[in-house]
Amino acid sequence: MFEAPGVPRPHYQALFQTLLGLPPEEMRKSQQAADLSFLHQGITFTVYGNDEGTERVFPNDLLPRIIPHHEWRKIESGLTQRIAALNLFLEDVYHRGRILADGIVPRELVYSCRHFRREMRNLTVPRGIYVSICGTDLVRLPDGSFAVLEDNLRVPSGVSYMLANRKVLKKVFPTLFRDYGVSPVDHYAQALLATLRALSPASSTTRHEPTVVLLTPGVFNSAYFEHTFLAQQMGIELVEGRDLLVHDNVVYMRTTAGLKRVDVIYRRVDDDFLDPLCFRRDSGLGVPGLFNAYRAGNVVMANAVGTGVADDKAVYAYVPAIIRYYLGEDPILPNVETYMLTDRLQREFVLENIGELVVKAVGESGGYGMLIGPHSTAEQREEFRQRILAEPRNYIAQPTLSLSRAPCFLDGEAQARHVDLRPYILYGENVTLVPGGLTRVALRRGSLVVNSSQGGGSKDTWVLRA
Amino acid sequence: MTGKRQTTMLSRVADSLYWMSRYLERAEHTARLIDVDLQLRLDQSPEAGSGRWWRLLEALQAPAPEDGKIDATSLTHILTLDKSNSSSIISCVASARENLRQVREQCSTEMWEQLNRLYLQVNSTTANEAWLLHSYVFFRAVREGAHLFQGVTDSTMSHGEGWQYIQLGRYVERTDAVARLIGAYLSRLPYSKERGGDQALDQAVESEEYLEWVGLLKSCAAFEAYCKRHTAELRPLRVAEFLLLNPEFPHSVRFSVDKVHAALRAIADLTERKAEQPVRLAGRLRATLSFSQIDEIMASGANHYVESVRQQCGQAHTAIHQIYFDYPVEAELAF
């Protein structure tokens, strides 16, 4: 937020002045009103691995993060480029495998990935789009420019908080909001519906208005609130596995008026649990026969099955090369430097310097399975050292980033906390980015972990119109 | 009207709305019955009221205490705060909330908040002596909470298919509960043929029985409505007629069956589905009730009549289930 101590960056000046003018009591009241609004709407998430009190309100911070127009333009083009390349990569990996044959990405890296699905070989997906809903985590590098920390290509969540934060902020700072010229985000649900409709299968009998549903694992899932919210905003049915059935490779939902054919499924269920006949047999969340219907082209799922191979943290290191290979362009947004632990030299370096690095398990998300060197104990470091030696393919390491900080209103005053940014990218007929995203905040002082499951919160993100 | 279906409703969602409504109606009914019973007891000697415990259990289809001993404390506990009894008030309210929670995107925010509030209130109650002494406050809160929910539902939710399932649940439950209550009274009341036989039914009841009949009426929230219609002179025949056959009073069996029938016809229209079975069953029951006369009912055995009403209501419930919630897929795929 600041250029130099006490000197706010130009686009923060108006906010800064307004804040200085407000009595702390006023701010506290606004924060309370906002908190209450979240509680009443039931905007909660579930924390796993905790017996009681598992339903929590997602902490929200009142002070918006502001992103100037020109910076957003760069993010937009960078992410558009990235999603295009990753889709070409997936299409290639599940068909001819040119990029593997040309030795750009090591074959064994792809085939050893836990999220690689043999079942997807030679299956053609509509428009060749595997990833149509993506949430990419960005951080600022020390020089102030944005870099990609992580791609979330499976079932990214959090977009409902982006919309809820905006709704609350508009109430709390109406004049400030208007004067700033903030780009709207409210059309996200409509854009998402249009994206899903654009994927509808060619065999659909109702091509003009295909039936789209949102498949949720159910009321106990951590993101259930988001599922109900998005289904309601899009005006589509929120279904569970038990509401669907497959007959002759066609998917139907059970309605009071009889069976109704389903064309597109926005699924918020992981690959593993989609179809007990094809993936995990013990899954009670899925629909038996769903994958065959998918193979037959009678139903489309978004995202496609098997996209996890492209957001594997070890494959991530190759994304700049992937962009160059398919598009012949230089990546607009850089990666964060990443050490591959399968490489002997890099592994030795990491093991020696583990105290200064961040080690991540490649297939995990949500901040689980992670070691932050500077904040770790000798025991934890030893444990990770052993794990790396046992399974080098399973881990990567990155330098500890000093995530940029933004002011948050905590305990009655503004305090700096680490933040990252997750914009949401939609890819249907074309690529759409709603100008904004979820800014996640590490609410604990000094903490670098922004995940909601690990004590993170969020704040509204204002992308300026000009 | 285009005749074209406007919206889609999942069977699971309809099922949840139906049961949510049934459970809430059950909680309200139970609360009223216990409250009336406890108040009635204040006016009676302990012996006079002892037979009523069993009637109450029978009317609510609740399990008897394990040790066979029955008194105000144990009974009230079983019926209100006992989580192991699936038809206690606390279990019913929790089931209603759980059903609504699974279909939250289908109801209005106001509905959810109201039911959630009632749930939190009931759940934070702990039974002790002081609570028992003032339990009427609790029962009133449950009744009011249910009434408020009904009002909020009617004024904030579209009166479309989902709303019709809520109506259906409420009135199927009410038909069954009121019929069962009348049955339990008629089979256990001390009216007897020795004291004048059937003629006695059409005369004002004597003072010791008066309280029992007031209790029955109040258990259906019907005392005031009855007095308006027939004055405070209580005749068993008139009470039975009022509760069974009155077309205007919302807790009478006939009124409830009319509502069931209306909801079923509306749903059949909305889903454009050949739902002859439930509509026919409800229609037949409705016709029976509108053409019955109370003296004939009494002559041929009131208990038998009430049982038959309950049975037909149960058949309608099963038919609803089979047509809308859990139909065989093979038949659907055939056309």
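Guide: The axes of helix α8 (residues 188-198) of chain A and α9(A) come within 9 Å of each other and cross at roughly 80°. This is a predicted model, in which local features need pLDDT of at least 70 and side-chain atom pairs count only at pLDDT 80 or more, while totals for chains, interfaces and linings use all residues. Residues are numbered from 1 along each chain as its sequence is written, and chains are lettered from A and ligands numbered from 1 in the order in which they are written.

Visitor: Why are α8(A) and α9(A) called roughly perpendicular?

Guide: Angles of 65 to 115 degrees count as roughly perpendicular, under 35 as roughly parallel, over 145 as roughly antiparallel and the rest as oblique. The axes cross at roughly 80°, and α8(A) and α9(A) are therefore roughly perpendicular to each other. Axes are lines fitted to C-alpha atoms, for helices over the stretch in contact, and angles run from 0 to 180 degrees between N-to-C directions.

Visitor: Which residues make the contact of these two helices?

Guide: Ala189(A), Leu192(A) and Leu193(A) of α8(A) meet Leu230(A), Gln233(A) and Met234(A) of α9(A); two residues are in contact if their C-beta atoms, placed from the backbone, lie within 7 Å. Five of these residues are nonpolar, one is polar and none is charged. Ala, Val, Leu, Ile, Met, Phe, Trp, Tyr, Cys and Pro count as nonpolar, Asp, Glu, Lys and Arg as charged, and the others, Gly among them, as polar.

Visitor: What makes α13(B) roughly parallel or roughly antiparallel to α14(B)?

Guide: Helix α13 (residues 253-271) and helix α14 (residues 276-291) of chain B pack at an angle of about 150°, with their axes 9 Å apart. That makes α13(B) roughly antiparallel to α14(B). Their contact has ten nonpolar, three polar and four charged residues.

Visitor: What makes β9 and β14 of chain A edge strands of their sheet?

Guide: The open sheet has four strands in the order β9-β8-β13-β14 (chain A), with parallel pairing. β9 and β14 (300-302) of chain A each have a single partner strand, so one side of each is left without a neighbour in the sheet. Neighbouring strands here are turned by 30° against each other on average, direction ignored.

Visitor: How do you know that β8(A) and β13(A) pair?

Guide: Two strands pair if DSSP finds at least two bridges between them. Four bridges join strand β8 (residues 212-215) to strand β13 (residues 264-267) of chain A. Val213(A) stands opposite Ile265(A) in β13(A). On this sheet packs α9(A), touching β8 and β9 of chain A.

Visitor: In which sense do β15(A) and β18(A) pair?

Guide: β15(A) and strand β18 (residues 395-399) of chain A pair in the antiparallel sense over two bridges. Met340(A) stands opposite Ile396(A) in β18(A).

Visitor: How many residues does each chain bring to the contact with the other?

Guide: Chain A and chain B each bring 20 residues. On the side of chain A that touches chain B, eight residues are nonpolar, seven polar and five charged.

Visitor: Where in chain A is confidence lowest, and where is it highest?

Guide: The mean is lowest in strand β1 (residues 2-4) of chain A, at 62, and highest in strand β21 (residues 424-427) of chain A, at 97. These values are pLDDT, the predictor's confidence in each residue, from 0 to 100. Helices (H or I, at least four residues) and strands (E, at least two) are DSSP runs, numbered from the N terminus. Chain A averages a pLDDT of 87, and 91% of the residues score at least 70.
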